[in-house]
Amino acid sequence: MGRYVRFMSLWEYANPVKFIRTTDVVLPWVSVLAVLCLVVGLIWGFFFTPEDYRQGSTVKIIYLHVPAALMAINAWMMMLVASLIWIIRRHHVSALAARAAAPVGAVMTLIALATGALWGQPMWGTWWAWDPRLTSFLILFLFYLGYMALWSAIEDDDTAADLTSILCLVGSVFAVLSRYAVNFWNQGLHQGASLSLDKEENVADVFYFPLLVCIAGFVLLFIALVFLRTQTEIRARRTRALIAREQQG
Amino acid sequence: MMALLARDLKLAVRAGGGFGLGLAFFLIVTVLVPFGVGPETALLTRIAPGVLWIGALLACLLSLDRILALDWEDGTLDLLATAPLPMEGIVSVKALAHWITTGLPLVLAAPVLGVLLNLAPGGYLWVLVSLAVGTPALSVIGTFGAALTIGLKRGGLLLSLLVLPLYVPTLIFGAEVARRGAEGLEVATPLLLLGGISFGAMALLPFASAAVLRINLR
């Protein structure tokens, strides 16, 4: 019984050694699956779906744009959960995972913004419009930048983890506030739904299934990258500790 | 707490540099804008509420690192932390002192600077009201940012990077109140939302700021 419960507990993975051992086993599988999903989804999407009757071939940007945008938001959510776990239970792996996820999330935000601009140019005739969705993504990107800058600015590891966790919590509240404030600010200029294709009921099944595969690929890619980067952080910290011990002795 | 407030105010007024600097900065920004966009009065009238808000926000930002940095350097904060005051109270008083020395002068100066930008006649009252309601939020959010970056040697730039995204909702609603007021439209909705942000920040953020300060003083 005790053995069973221990095996089932998520907190077991708060032990860095256990975390590294488990992710070492899981990581190759996740990586291979991610590559497989991305290759299948993108090739399916790019070459084996019809062109949209109004948008032509530019509609295919959707296979990069929507998954990236999805992960940009979910990466922040993951950081929020990891920060909470760090504040409440003080598991170092959790803080390091939040730190590891931030650059990945920032890059996802950048991909979403860049592909959106490439898509916007032929469709709306402009690279950038101060549309609520676009604007709130830009603000999200700024939040990522601030979070990463604070992590790298503070020398003491635990202080940095504490401060960035609180920043993540406060930032989340303000990010949500900004999202709705921006909606309010530019209500009259753009209507959200007709500009964005990320409402799934707008997309026909031919586009929907390869899109799902691409989304799965991006999720797996994110998991693989976070595992890898967390492992690196753990090992870097261990190396620092060993070096400090050498110098003392 | 009153003693702490009085001390902070006296320091701001007598030590020189801090008090009035934000106001001068606000003036300069307002003067520079017409050089940048041209002296056309119709255009200036249109952008005046937004420019006044951005100017006030930047002037506020400029003075943020003074809220806690000096007390951190000479050890006053350590003494305050051991005093029988709750940390939340200390950061609230600090934010209040910052608002009285920076926010309030900005609020009072904004209508005067509005003349330079050819602000529409109906706009003066609402620029004043929106800044009066919104600047406390700027001070409280700024105190949180200042507490976060207090232990860093060159935290000034990082402070701006952290605080500016947090200012977005306040700026949106504040500038919206001022713009609608200047155009003679209904202002109740954005004004209520601005008040909500302001009071919400005043009620909740001191807890975050105090937690951050405790971590930094550890």
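**Core, chain contact and a helix pair**

In this predicted model, the largest nonpolar core contains 143 residues, and those with the most contacts inside it are A75(A), A101(A), A56(B), I141(B) and V212(B). Such a core is a set of buried Ala, Val, Leu, Ile, Met, Phe, Trp, Tyr and Cys residues joined through C-beta atoms within 7 Å; buried means that 20 or more other C-beta atoms lie within 10 Å of a residue's own, with C-beta atoms placed from the backbone. Helix α3 of chain A (residues 62–89) gives the most to this core, 15 residues. Helices are DSSP runs of H or I of at least four residues, numbered from the N terminus. Leaving aside residues up to four places away in sequence, A75(A) touches A101(A), V104(A), G105(A), M108(A) and F222(A).

Residues are numbered from 1 along each chain as its sequence is written, and chains are lettered from A in the order in which they are written. Local features need pLDDT of at least 70, side-chain atom pairs count only at pLDDT 80 or more, and totals for chains, interfaces and linings use all residues.

The contact between the chains takes 21 residues from chain A and 18 residues from chain B, a contact being two residues whose C-beta atoms, placed from the backbone, lie within 7 Å. On the side of chain A, α5 (132–153) and α6 (157–185) are the elements that give two or more residues. The largest share, twelve residues, comes from α6(A).

Within chain B, helices α1 (residues 2–14) and α6 (residues 87–116) pack with their axes 9 Å apart, at an angle of about 40°. L4(B), L5(B), D8(B), L9(B) and A12(B) in α1(B) meet V93(B), K94(B), L96(B), A97(B), I100(B) and T101(B) in α6(B).

Definitions and conventions: Buried ≥ 20, exposed ≤ 12 C-beta atoms within 10 Å, placed from the backbone. Axes fitted to C-alpha atoms, helices over the stretch in contact; angles between N-to-C directions.
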